[in-house]
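Subject: Structure handover

Hello,

Here is the structure for your files. My notes follow below it.

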Amino acid sequence: MAAAAVPPRGIRRLCRVLLFLSQFYILSGGEHSQPLAQAVKDPGPTRTFTVIPGAAESTDIPPYVMKCPSNGLCSRLPADCIECRTNYSCVYGKPVTFDCTVKPSVTCVDQDFKSQKNFAINMTCRFCWQLPESDYECTNNTSCMTVSCPRQRYHANCTVRDHIHCLGNRTFPKMLYCNWTGGYKWSTALALSITLGGFGADRFYLGQWREGLGKLFSFGGLGIWTLIDVLLIGVGYVGPADGSLYI
């Protein structure tokens, strides 16, 4: 019986030794595994890149460059492509010379086809709103009456043409006479008034259907209204109902 009890004691000792060795291995391995795990999980220092807006904007093309011809004469560049040192003390209507410089990203040449940045430009001393009507463009108004007494005006915003140089703001307000057409012909209205005016055909053509009905049912006011309309349309006093001008 004593001999039979020996193997269990030896097995127990062996298990204790193995348990001790496993715990020692775990403790010794855990110390090395923790830095390893940390090295795997730690991505290292984070690098931050800052985008400077000025650097991206510096590559953008200014909007005025689209109006500036490349390698053209500097003296013929549009006003939006140059900057001039103007003098408002010049005499109105007299020729004057100003020193100008091309804007950035604009290239031009002189008479000898050499690159140039500074040049002089000749112009007439006057403000932009003093230019003739052919030198600027204005907004149109189709809601005002062109045929009225007195003749109506409307507020318009005008812009100087690109190749015209002047003093002051290139965009300015101005009062203009109503001047637009709806496609009505004066000759057609006069012909209808002479031939079919007794039936109100001239008034119907001009869009004045109330007067047209009055002439139709009164037979042209017994001819008197017809003669009066011939005279009024002939001198241009009676026009289209929408207030536009004749063609």
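**Disulfides and burial**

Both Cys 68 and Cys 81 are buried, where buried means under 20% relative accessible area, exposed over 50%, and partly exposed in between, with a 1.4 Å probe and protein chains only. Before the rest, the ground rules. This is a predicted model, so local features need pLDDT of at least 70 and side-chain atom pairs count only at pLDDT 80 or more, while totals for chains, interfaces and linings use all residues. Residues are numbered from 1 along each chain as its sequence is written, and side-chain values use heavy atoms, with hydrogens and water left out.

The structure holds six disulfides. A disulfide here is a pair of cysteine sulfur atoms within 2.5 Å. Three of them follow.

- Cys 68 and Cys 81 are joined with an S to S distance of 1.9 Å. The torsion about their S-S bond is about -105°, so this disulfide is left-handed. Cys 68 lies in the loop between helix 2 (53-57) and strand 1 (72-73), and Cys 81 in the loop between strand 1 and strand 2 (82-85), so the pair ties together parts that are 13 residues apart in sequence.
- Cys 74 and Cys 108 are joined, S to S 1.9 Å. The link is right-handed, with 90° about the S-S bond. Cys 74 sits in the loop between strand 1 and strand 2 and Cys 108 in strand 4 (residues 108-109), so the pair ties together parts that are 34 residues apart in sequence. Cys 74 and Cys 108 are both buried.
- Cys 90 and Cys 125 form a disulfide with their sulfur atoms 1.9 Å apart. This link is right-handed, with 75° about the S-S bond. Cys 90 is in the loop between strand 2 and strand 3 (95-102) and Cys 125 in the loop between strand 5 (118-124) and strand 6 (136-138), so the pair ties together parts that are 35 residues apart in sequence. Both Cys 90 and Cys 125 are buried.

**Helix 3 and helix 7**

Helix 3 (residues 186-195) and helix 7 (residues 224-234) pack at about 165°, with their axes 9 Å apart. Axes are lines fitted to C-alpha atoms, for helices over the stretch in contact, and angles run from 0 to 180 degrees between N-to-C directions. Helix 3 and helix 7 are therefore roughly antiparallel; the cut-offs are under 35 degrees for roughly parallel, over 145 for roughly antiparallel, 65 to 115 for roughly perpendicular, and oblique for the rest. Their crossing is left-handed, meaning that the near helix is turned anticlockwise from the far one by less than a right angle.

Trp 186, Ala 189, Leu 190, Ser 193 and Ile 194 in helix 3 meet residues of helix 7, including Asp 229 and Val 230. Leaving aside neighbours within four places in sequence, Ser 193 is in contact (heavy atoms within 4.5 Å) with Asp 202, Thr 226, Asp 229, Val 230 and Ile 233.

**Record and totals**

UniProt, in an unreviewed entry, places the feature "transmembrane region" at residues 184-204 and 216-238. Such positions use the numbering used here, and annotations may be inferred rather than shown by experiment. Residues 184-204 are 67% helix and 0% strand, with end C-alpha atoms 12 Å apart. Residues 216-238 are 74% helix and 0% strand, with end C-alpha atoms 18 Å apart.

The protein chain has seven helices and eight strands. These are DSSP runs, H or I of at least four residues for helices and E of at least two for strands, numbered from the N terminus. Of its 247 residues, 26% count as buried.

Best wishes
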